[in-house]
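Hi,

Here is the structure I promised to pass on.

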Amino acid sequence: MTKLTVTTAQQWLDGFAAAIAAHKDYLSELDTPIGDGDHGSNMARGLTAVQAAIDGQDFAGLKDLFKAVAMALISKVGGASGPLYGTAFLEMAKLGDQDADLGHLLDAALAGIRKRGGAAPGDKTLVDVWTPVVEAVKAGSLTQTVVDDAVNSTKDMVARKGRASYLGERSVGHLDPGSVSSGYLFTALIATGVFA
Amino acid sequence: MKKIINDPANVVDEMLDGLVRGYPQYVERIPNTGAIIRSNKASMQGKVGIVSGGGSGHEPAHPGYVGKGMLSGAVAGQVFTSPTPDQIYAAIKAVNTGSGVFLVVKNYSGDVMNFDMAKDMAELDDIPVKSIVVDDDIAVKDSLYTQGRRGVAGTVFMHKILGAAADQGATLDELDALAQKVLPNIKTIAVALSAATVPEVGKPGFELADDEIEYGVGIHSEPGYRREKLQPSKALVAELVGKIDDEQHLTADKQYAVLVNGMGATPLMEQYIFTHDLLNNLGDRGIKPAFTKIGNYMTSIDMAGISLTIFELADPQWLDYLNYPVETIAW
């Protein structure tokens, strides 16, 4: 069982924010052929707000920390990514004070994402990254390869949700931008060393 | 990119301030939000509030339709990006006078999710809220395997109908029933000559050759169903009316309202030419529209192109609603 603490969670979010800032243009480029070209700028605006909300703050527990993160994402990202990432952190906040087990937290987050967006595995959305990653975390076997394979698996899928679904077969051959940003989220989680 | 702006990051903020400062008789802005509400508060007393909104870049939609007889509030997100739930909720709270609030949402995953979250927030505060998701764009196949049809220019007719009914005292449940009844009668299809350039992106959302057009493009540069060489206006009309006829089965014994909508960079001169051809095409089918609107009502920044909306007036009262007087910037 892997436990999360306020300190490791803050490291995780700092790492995620840094990755989004570094890949802002790349995420928007990925979003151009199959979306509307703004995933990078929307996520960067959201993560800047997240950092403003958590940097230098003392949080009593994961609940308060994740709630602050969720509210920053919900109120700053917009589009579909704001409600989806925001809901993920809100669901983790609900569990945070009773249960710091990472598998349970991420499981609750994924259930929230699926309920909010209605996507299933195979629809070419961030659910396709979260599903195998959460399974691996619960099995104690999350590695960078699991994350990378999950992100790359979206390339050959036909989009069935969101704006990319209007392209149908033409969405094949493109990585899903939300899956790529979720990949950064889990890469940042591994980098905190919680699994070491 | 050549645009009259200061900083691409500030376009929405500066646009909304310009809008409310230029038209204080109609609208005001809830500070630190993208929520634009009526300045005529007395006109909302005892009435159900109507709130719409969506990403920016569709001006005059949606704040241009805020005013007595139409919307009570409109929430503007970033360019082509849904507004956030806290801002939508701020508008709901500001226009609720005790009779509840009805939301008009266009069918995009972001808009649907953010408006749903705002609805949850309002319900926690005991404000009754109902909503309709408009999906009038027939270019997209309506199937379980897509997001479904997009909400586009026909949404403006929904605003007008509901706004008129609300002003005449319709209850939240009556507006809900009216919206459900109106929705399947509104059909829209577009043709694009060039794509929009989002200021923060700096280049067009897709490329079309100088002599190329694309049918069925959405209002955020979503792809359409066919590309071909540019055709004369008459041929464009024939294609678009034909597509709507496949869905709506246009007949001489029914009443219709039509909206010829410029996408942002198409001059009115071309829109009037298109309308001339449209009225000829419909005339050949024995149809004379009971109501016509021509102009830029639901744009896509600087996209060149036109969308055609045909609204079957299945209930004669809907024509009265369309003709009902409003006090707005843009209807």
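**The largest pocket**

By class, 15 nonpolar, 20 polar and 11 charged residues make up the lining of the largest pocket. Here Ala, Val, Leu, Ile, Met, Phe, Trp, Tyr, Cys and Pro count as nonpolar, Asp, Glu, Lys and Arg as charged, and the others, Gly among them, as polar.

Before the rest, some housekeeping. This is a predicted model, in which local features need pLDDT of at least 70 and side-chain atom pairs count only at pLDDT 80 or more, while totals for chains, interfaces and linings use all residues. Residues are numbered from 1 along each chain as its sequence is written, chains are lettered from A and ligands numbered from 1 in the order in which they are written, and side-chain values use heavy atoms, with hydrogens and water left out.

Back to the pocket: its volume is about 780 Å³. (A pocket is an open set of points on a 1 Å grid over the protein atoms alone, where a 1.4 Å probe fits, with protein on both sides within 12 Å along at least five of seven lines; lining residues have an atom within 4 Å of a point. The volume is the space filled by probe spheres set on the points, which are joined across faces, edges and corners.) Of the 46 lining residues, Ala80(A), Ser81(A), Gly162(A), Arg163(A) and Ser109(B) are the closest to the centre. α3(B) gives the most to the lining, with 6 residues. (Helices are DSSP runs of H or I, at least four residues, numbered from the N terminus.)

**Between the chains**

Arg163(A) turns up again here: the side chain forms a salt bridge with Glu222(B) (3.9 Å, N to O). That term means a side-chain nitrogen of Lys or Arg within 4 Å of a carboxyl oxygen of Asp or Glu, and the interface of chain A and chain B has 2 of them. The two chains bury about 2300 Å² between them, 57% of it on carbon and sulfur atoms; buried area is the accessible area (1.4 Å probe) that two parts lose on being put together, summed over both. In chain A, Arg116(A), Arg163(A) and Tyr166(A) lose the most area to chain B, together 29% of what that side buries.

**Inside chain B**

Chain B splits into domain 1 (10–184) and domain 2 (185–322), with bounds from an automatic or database domain assignment. These domains bury about 3100 Å² between them. Phe80(B), Ile138(B) and Phe157(B) supply 23% of the area that domain 1 buries against domain 2, more than any other three residues.

Cheers

Conventions:
Helices (H or I, at least four residues) and strands (E, at least two) are DSSP runs, numbered from the N terminus.
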